[in-house]
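Me: I have a model open and would like to go through the terms used for it, one by one. Could you set each value against its cut-off for me?

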Amino acid sequence: MNTMGTARLLPWTGPDGKPCFLLSDGTGCVSRIADRMEEEQLGSAAELIDEARQLLGERSWTPG
C-alpha cells in the first residue's frame with residue numbers, strides 16, 4: 001500500500017531544469033503552493049487568450 005499518495009508534476013523545474021515531482025496525499029504546504037501557482041498560470045493563460053482573440057478580432061496586426 002502506498003501511504004505517500006501519488007506523484008504530482010509540480011509547475012516549476014529544479015535547479016538543473018529537470019521536472020519536479022511531489023509524492024504526497026495532496027494536503028501539504030508544497031501542494032498548496034503548487035495549487036496557487038497553477039491557478040495563477042491558468043489565469044495568465046486565459047488573459048493571453050482573450051488578448052489574442054481581441055487582436056485577431058480587430059485585425060489590428062500586420063502580416064510578417
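Me: What percentage of the residues of the protein count as buried?

Reply: Of its 64 residues, 12% count as buried; buried means under 20% relative accessible area, exposed over 50%, and partly exposed in between, with a 1.4 Å probe and protein chains only. This is a predicted model, in which local features need pLDDT of at least 70 and side-chain atom pairs count only at pLDDT 80 or more, while totals for chains, interfaces and linings use all residues. Residues are numbered from 1 along each chain as its sequence is written, and side-chain values use heavy atoms, leaving out hydrogens and water.

Me: Why is C20 called buried?

Reply: Its relative accessibility is 18%, so C20 counts as buried under the 20% limit. C29 has a relative accessible area of 48%, so this cysteine is partly exposed.

Me: What makes R8 and D35 a salt bridge?

Reply: The definition asks for a side-chain nitrogen of Lys or Arg within 4 Å of a carboxyl oxygen of Asp or Glu. For R8 and D35 the N to O distance is 2.8 Å, so the pair qualifies. R8 sits in strand 1 (residues 6-13) and D35 in helix 1 (residues 29-58), 27 residues apart, so the pair links distant parts of the chain. Helices (H or I, at least four residues) and strands (E, at least two) are DSSP runs, numbered from the N terminus.

Me: Which residues are linked with R8 in a network of salt bridges?

Reply: D35 and E38 are linked with R8 in that network. The side chains of R8 and E38 meet at 2.7 Å, N to O, and this pair is 30 residues apart. A search of the whole structure finds two salt bridges.

Me: How do you know that the span of helix 1 agrees with what it should be?

Reply: The expected span is 1.5 Å times one less than the number of residues. Helix 1 has 30 residues and should span 44 Å; its end C-alpha atoms are 44 Å apart, so the values agree. R59, with a positive phi near 50°, follows helix 1.

Me: What pattern does the protein follow along the sequence?

Reply: The pattern is β-β-α, with one helix and two strands in the protein.
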